[in-house]
Amino acid sequence: MATGSRFSSSTVIDSEYLVPWLSAEGPLAYSPTKPPARDYFFQYTWILPGIFNPQVNLREHRYFGSPVKESARFLFDFWANARRGEGSALQRYCQFGFFSDNQLRTPMAAYHHVRHYRDTPGSLLIQHGSYQWASLEDQPSVPGGEVSLYRGIGQATRFRCLRFRPEERSRANAEIWRKYLRDGTWVGDELALQSGLDIQSPGFARDLWHAAQQSYSLERVMGIMKFGPHHVVVKTPLSNIRITTFFAGESEAKIVDPSRISEVQAVGCDVDFAPPME
């Protein structure tokens, strides 16, 4: 949030916990049980101006990052339902985020929502003001707090993925893990370096950072048709992913903790779960 802005994007409610909705306090505080009075408030140019190119006119309305409101129609339909008092009845999952020196749980809320396009039932995921919708067919386990992630690897025959048991970390890797958690964003190399992570030299820090930057999709079609045909499917708790609104229209999700994933399916390839380097 830009200095001096009168709009809040805080999601922190104390020293350890984060809420899924934007925000925890301030003029833009809202959730599906306490929705904003009108769609006017859903403008990234107000609440997250720093994400835009300096050449973008921040006075223009950019709803959820798009200058065309219709492109976000299903989200406005959802919030219209919430204003009618239907928000809490549609909730399927809700987890406050938690972070410490040893573990992390990302905040996430999920609500049942039927998209008007073909009347498709699914779940709307909310995290820090970012949104993703996924069909019930692709994500049947959302009410149980689990999500399937799809990743295509083209014609490659091997998919390498970092995975480890927390109790098997060496003392040095445990310290790297604490620095990784203290980063708190996992979105930029400079921020990782500021947290003390050596992401340029071979070792656990670089492997961990690389794993955190790998994109998966909430949609099966992305893994099979757009980035396939060889692809993998992994499962992880909803409290272990980061989502980004409308990023290239690919329903993107990223994993935070590689120790909390499991293989479900590998098509046309082998999966190499690699242990951390010392």
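The side chains of R84 and E86 form a salt bridge, with N and O 3.6 Å apart. A salt bridge here is a side-chain nitrogen of Lys or Arg within 4 Å of a carboxyl oxygen of Asp or Glu. The model is predicted: local features need pLDDT of at least 70, side-chain atom pairs count only at pLDDT 80 or more, and totals for chains, interfaces and linings use all residues. Residues are numbered from 1 along each chain as its sequence is written, and side-chain values use heavy atoms, with hydrogens and water left out. R84 is exposed, at 56% relative accessible area. E86 is partly exposed, at 33%. Buried means under 20% relative accessible area, exposed over 50%, and partly exposed in between (1.4 Å probe, protein chains only).

In total, the structure holds seven salt bridges. One of them joins D270 to R158, at 3.9 Å from N to O. D270 lies in strand β15 (residues 270-274) and R158 in strand β9 (residues 158-162), so the pair ties together parts 112 residues apart in sequence. Helices (H or I, at least four residues) and strands (E, at least two) are DSSP runs, numbered from the N terminus. D270 is partly exposed, at 45% relative accessibility.

E250 and K226 also form a salt bridge, their closest N and O atoms being 2.8 Å apart. This pair links distant parts of the chain. E250 sits in the loop between β12 (241-243) and β13, K226 in helix α6 (residues 220-226), 24 residues apart. E250 is buried, at 17% relative accessibility. K226 is partly exposed, at 48%. Elsewhere, salt bridges with shared partners join E175, R178 and R182 into one network.

K254 belongs to strand β13 (residues 252-255). The residue is buried yet has no salt bridge. Its nearest side chain of opposite charge, E252, is 4.1 Å away. Lys and Arg count as positive, Asp and Glu as negative; His and the chain ends are not counted. Neighbours within four places in sequence aside, K254 is in contact (heavy atoms within 4.5 Å) with A212, Q213, Q214, S215, N240, I241 and R242.

Three strands form an open sheet in the order β1-β3-β4, with antiparallel pairing. Its edge strands, β1 (17-18) and β4 (104-105), each pair on one side only. Two strands pair if DSSP finds at least two bridges between them. β1 and β3 (residues 97-99) pair in the antiparallel sense over two bridges. The bridge partner of Y17 in β3 is F98.
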